[in-house]
Amino acid sequence: MIYKRIRDLREDKDITQTKMSEYLNISQRSYSHFENGTRGIPTDVLIRIADFHGVSIDYLLERTSRKEINK
């Protein structure tokens, strides 16, 4: 699921939810809801998450298992 992927990417970089939420300019509570799947992720936030981690939105949405962005 998308929620597991964004959590796994964050944990792989050893970043706290607080640091991610600061980067995204949202509250930690909102970010926590995204990772728990209790709220949908707005498109603009999804784009910033993908950019931060250097992955494609298709990877986050589980349309592909490739993390790399096609160039």
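This is a tutorial dialogue on reading a predicted protein model.

Biologist: Good. How many helices and strands does the protein have?

Modeller: Helices (H or I, at least four residues) and strands (E, at least two) are DSSP runs, numbered from the N terminus. Here there are five helices and zero strands, giving the pattern α-α-α-α-α along the sequence. The radius of gyration is 11 Å, close to the 11 Å from the globule rule for 71 residues, so the protein is as compact as a globular protein of that length. That radius is taken over C-alpha atoms, and the rule is 2.2 Å times the number of residues to the power 0.38. Along its principal axes, the C-alpha trace spans about 30 × 20 × 20 Å.

Biologist: And what share of the residues is buried?

Modeller: Buried means under 20% relative accessible area, exposed over 50%, and partly exposed in between (1.4 Å probe, protein chains only). Buried residues make up 37% of the 71 residues.

Biologist: How should I read the contacts between residues at least 6 apart in sequence?

Modeller: Contact means heavy atoms within 4.5 Å. Of the contacts between residues at least 6 apart, 48% join residues at least 24 apart.

Biologist: Let's look at one helix. Which residues of α3 are buried, and what do they pack against?

Modeller: An α-helix has 3.6 residues a turn, so residues three or four places apart point the same way. In α3 (residues 28-36), the buried residues are S30, Y31, S32, F34 and E35. The buried residues of α3 pack against α1, α2 and α4 (43-53). After α3 comes G37, with a positive phi near 80°.

Biologist: Can we take F34 as a worked case? What does F34 touch?

Modeller: F34 lies in helix α3 and counts as buried at 6% relative accessibility. Not counting residues up to four places away in sequence, F34 touches Y3, I6, I26, R39, G40, I41, P42 and V45.

Biologist: Is H53 buried or exposed, and which residues is H53 in contact with?

Modeller: H53 lies in helix α4 and is buried, with a relative accessible area of 9%. Leaving aside neighbours within four places in sequence, H53 is in contact with L9, R10, K13 and M20.

Biologist: Now backbone angles. Where does D14 lie, and what is its phi?

Modeller: D14 is not a glycine, yet its phi is positive, about 60°. D14 lies in the loop between α1 (2-12) and α2 (17-24), and at 72% relative accessibility D14 counts as exposed.

Biologist: And what about E62: where does E62 lie?

Modeller: E62 lies in the segment after α5 (57-60). Its phi is near 65°, a positive value in a residue other than glycine. At 40% relative accessibility, E62 counts as partly exposed.

Biologist: Last topic: how many positive and negative side chains are there?

Modeller: Lys and Arg count as positive and Asp and Glu as negative, while His and the chain ends are not counted. Each charge is placed at NZ of Lys, CZ of Arg, CG of Asp or CD of Glu. The protein has 13 positive and 11 negative side chains, and the centres of the two sets lie 1 Å apart.

Terms used. Residues are numbered from 1 along each chain as its sequence is written. This is a predicted model: local features need pLDDT of at least 70, side-chain atom pairs count only at pLDDT 80 or more; totals for chains, interfaces and linings use all residues. Side-chain values use heavy atoms; hydrogens and water are left out.
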